Amino acid sequence: DFINSINKYPCGVIYKLTYIYVSAMKSWYTVYTKPRQEAIAKENLQRQGFSVYLPRIQIARRKKHRWQDVIEPLFPRYLFIQADPEIKRLASVSSTRGANDLVRFGNQLVSVPEELIAGMKDMEDQESGIYIPESPLFETGDRVTILEGPFAQMEGIYHCDKGEQRAIILLECLGHLSTLTVSRHSLARAS
């Protein structure tokens, strides 16, 4: 028995052993949220004393014929909480505003490995906390379609990025390849 074995050690060692024992029981769990209420659920779970992790990503979305960079959850309708179910009751999660329930297989709670959470946090920008994808949107040689402007609906070959917002593509025009600089947001993969 863990408690009976503590009596053998000096007071400082007991504190360290107790801390290791308690922290070893904490695990990460996945919370299924209501649609588009991840931030509300995060805020309310933090108020209840849970450690909460909501991975986010910045992506380009087309709104009213314009491209805008928006920050969205990396996993829509999901976030992660760290808790010890032996110490803190998890039943309150299902009645938390913005949250539906914890993810389970049958009646069994599913824990998320600490390494997975640490790996996701390592791929975030340190200042903004936003996930940064490892691969670019297009690679050299990809066939792309121009979505807007005078060359709309024409297909070309992606050549390279030109700064953060623009790209150089190769278009076949009058029998030879010409370079064209366009907004990266006006490109899509050719079907």
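Predicted model: local features only at pLDDT ≥ 70, side-chain atom pairs only at ≥ 80, totals over all residues.
Aspartate 84 sits in the loop between β5 (78-83) and β6 (99-102), where strands are DSSP runs of E with at least two residues and helices are runs of H or I with at least four. A polar atom of the aspartate 84 side chain lies 3.0 Å from the backbone nitrogen of glutamate 86.

Residues are numbered from 1 along each chain as its sequence is written. Local features need pLDDT of at least 70 and side-chain atom pairs pLDDT 80 or more, while totals for chains, interfaces and linings use all residues, and side-chain values use heavy atoms, without hydrogens and water.

Glutamate 124, in the loop between α4 (114-122) and β10 (130-131), is likewise buried without a salt bridge. Arginine 56, the nearest side chain of opposite charge, is 6.7 Å away, but the side chain of tyrosine 53 makes a polar contact with that of glutamate 124 at 2.6 Å (N or O atoms within 3.5 Å, one able to donate a hydrogen and the other to accept it).

Turning to open space, the second largest pocket has a volume of about 260 Å³. Its lining has 13 residues, with Arg36, Glu38, Ile71, Glu72 and Pro73 nearest the centre (lining residues have an atom within 4 Å of a pocket point; a pocket is an open set of points on a 1 Å grid with protein on both sides within 12 Å along at least five of seven lines). The largest share, 4 residues, comes from β4.

Definitions and conventions:
1 Å grid on protein atoms, 1.4 Å probe; cavity = no way out; pocket = protein on both sides within 12 Å on 5 of 7 lines; lining within 4 Å. Points joined across faces, edges and corners; volume = space filled by probe spheres on them. Buried < 20%, exposed > 50% of the residue type's maximum accessible area, 1.4 Å probe, protein only. Lys, Arg positive; Asp, Glu negative; His and termini not counted. Salt bridge = Lys/Arg side-chain N within 4 Å of Asp/Glu carboxyl O.
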